[in-house]
Amino acid sequence: MASIFDRRGQLAPFTIRSRVMFQELCILGVGWDDPLDAEHTRRWTSCFSELGDLALIRAPRCFKCPGRESSVATLSLHVFTDASDAAYTANVYVRAEYPDGNVRVTLALAKARPCPIKKMSIPKLELKGAMLGVCLAQTVNDELDLPKADATNWSDSMNVLHWVRAHSRKFKIDVGNRIAEVQEYLAGNHVLGKLNPADKSTRGLTVAKLASDSVWWSGPEFLVQQHNEWPSRQITVPKELPGMVKRAQVMAFAVHTRGDPEAASTAADSVELKSEELQRAECHWYAIAQAESYPASYRQLTSGKSLAANDPLLRLNPVLHKDYPCVLRVGGRLKTASHLPEHTRHPIILPQHHRITQLIVDAEDRKCDHSVGPNHLLANLMLRLWIIRGKVVTRSHRAHCVLCKKKWATVALQQIAPLPLFRTAPPCRAFSRVGVDYAGPFRTKQGCGKTQLKRYLCVFSCLQS
Ligand SMILES: [Zn+2]
């Protein structure tokens with residue numbers, strides 16, 4: 001393995017075989033002197049027997065057409081990436097196009113890496129392949145002084161293509177960062193698996209097959225054709241992709257006890273709730289709060305009657321919502337503003353003194369990390385709720401929330417003592433009297449990736465000037 005000198009990875013489909021097999025042996029824990037099992041022996045022997053054929057392989061060094069090295073040609077890069085559960089790979093081809101339409105495509109750089117021993121999902125490996133592609137393309141780009149925009153990414157993985165088109169901020173941080181890196185460099189294009197040359201090094205090839213594989217050495221045939229004849233495929237990005245941040249999953253625990261021992265033994269049933277169900281549950285509690293705080297108004301409205309003349313809610317002109325008929329909402333004057341969401345036009349009425357109201361305010365406060373004032377908190381809540389005497393509610397919440405109190409506490413002011421005589425008495429030359437402060441060790445890094453050093457800090461401050 002180590003004795004094959006293949007800087008540009010042109011033999012990757014062959015070399016990856018032994019590297020993957022070696023990894024397998026490491027995982028199996030086979031020692032240096034242990035005999036191999038029959039299957040591994042067969043595979044290693046066939047690899048060894050092919051070594052001699054390597055000498056037959058001839059690869060061109062020049063990316064331009066022979067005899068036309070000095071004529072003007074536009075160079076562009078084509079990056080193919082792939083991954084399997086054994087390896088992830090990337091190939092970079094240089095496509096030289098002459099004004100007369102003549103095109104030559106040459107393999108510039110390839111790399112195949114065995115998958116990490118730690119199990120990874122195929123989409124993640126495909127992303128690793130794409131990252132590898134970016135890395136190789138950058139190398140070739142720098143060497144050939146090409147503009148960045150001239151690289152095209154080809155992949156048979158829809159995941160990678162979707163990722164490259166999706167907003168990287170929607171992903172978990174690690175995946176998102178990698179996607180951003182790939183996006184910065186490559187625009188994605190789809191290629192069928194059998195046309196993808198990078199696929200050859202994820203599968204592995206014998207030396208004889210590698211030597212005669214035209215797709216490996218000069219890319220898929222379509223690259224020789226004009227731009228508009230390349231395969232193109234409309235790619236629509238689905239809303240959910242692997243690696244995206246999942247919305248918080250809420251588990252509901254329904255406990256059946258009611259004196260039934262059998263039901264009690266299966267104490268809790270866990271069900272994942274859909275967003276619609278959560279909404280319903282929320283409305284259910286709003287309705288309870290309303291019915292308990294304004295029983296008369298609630299009864300009148302739910303039975304289809306209008307409110308009494310002295311009803312406390314009359315001023316709000318409450319209406320019943322059609323989806324959740326049990327909840328009272330503010331009638332308001334925005335009925336016709338159909339561009340606004342329903343809960344803004346008709347916020348849900350919440351009573352001033354109710355446990356539910358307290359909990360809602362508390363939840364919003366926690367969401368804001370206890371760092372907004374009562375007015376801001378109320379404004380946030382008012383986007384969807386109408387809390388009766390809301391200012392009083394949020395202010396009293398603020399007065400009782402321990403974390404808010406801590407966060408907003410003002411630092412006590414101490415009266416500073418007069419300066420001692422030795423700081424004011426002459427002579428007044430700078431640094432004739434000093435205070436010394438000493439701290440450390442601080443760990444510092446000198447340059448990138450260097451070892452950390454211990455540093456100590458000593459501060460001399462003049463007591464007079
Ligand atoms: Zn708070």
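The following conversation asks how labels given to parts of this structure follow from their definitions.

Trainee: What kind of model is this, and how are its residues numbered?

Mentor: It is a predicted model, in which local features need pLDDT of at least 70 and side-chain atom pairs count only at pLDDT 80 or more, while totals for chains, interfaces and linings use all residues. Residues are numbered from 1 along each chain as its sequence is written.

Trainee: How do you know which parts of the protein the predictor is confident about?

Mentor: The guide is pLDDT, the predictor's confidence in each residue, from 0 to 100. The protein averages 81, and 86% of the residues score at least 70. Confidence is highest in helix α2 (residues 38-50), at a mean of 92, and lowest in helix α9 (residues 261-265), at 42. Over residues 248-270 pLDDT stays under 50, and the model has 16 contacts beyond four places in sequence for this stretch, a contact being two residues whose C-beta atoms, placed from the backbone, lie within 7 Å.

Trainee: What makes a run of residues a helix or a strand?

Mentor: Both are DSSP runs numbered from the N terminus, a helix being H or I over at least four residues and a strand being E over at least two. The protein comes to 17 helices and 13 strands.

Trainee: How do you know whether Ala-296 is buried, exposed or partly exposed?

Mentor: Ala-296, in helix α11 (residues 295-302), has 13 other C-beta atoms within 10 Å and is therefore partly exposed.

Trainee: What makes strand β12 lie largely in the open?

Mentor: Of the twelve residues of β12 (residues 434-445), the number buried is zero, so the strand lies largely in the open. Pro-441 has its place in this strand, and a cis peptide bond with omega of about 0° joins Gly-440 to Pro-441.

Trainee: How do you know that β12 pairs with β13?

Mentor: Two strands pair if DSSP finds at least two bridges between them, and ten bridges join β12 to β13 (residues 452-462), the two running antiparallel. Asp-437, for instance, has Val-459 of β13 as its bridge partner. The hairpin has six residues between the strands, and Gly-447 takes a positive phi near 75° in it.

Trainee: What makes a group of residues a nonpolar core, and which residues have the most contacts inside the largest one?

Mentor: Such a core is a set of buried Ala, Val, Leu, Ile, Met, Phe, Trp, Tyr and Cys residues joined through C-beta atoms within 7 Å. The largest has 45 residues, and those with the most contacts inside it are Val-79, Ala-90, Val-92, Leu-136, Ala-137 and Val-140. Its largest share, eight residues, comes from α3. Apart from it lies another core of 19 residues, among them Leu-328 and Ile-360.

Conventions. Buried ≥ 20, exposed ≤ 12 C-beta atoms within 10 Å, placed from the backbone.
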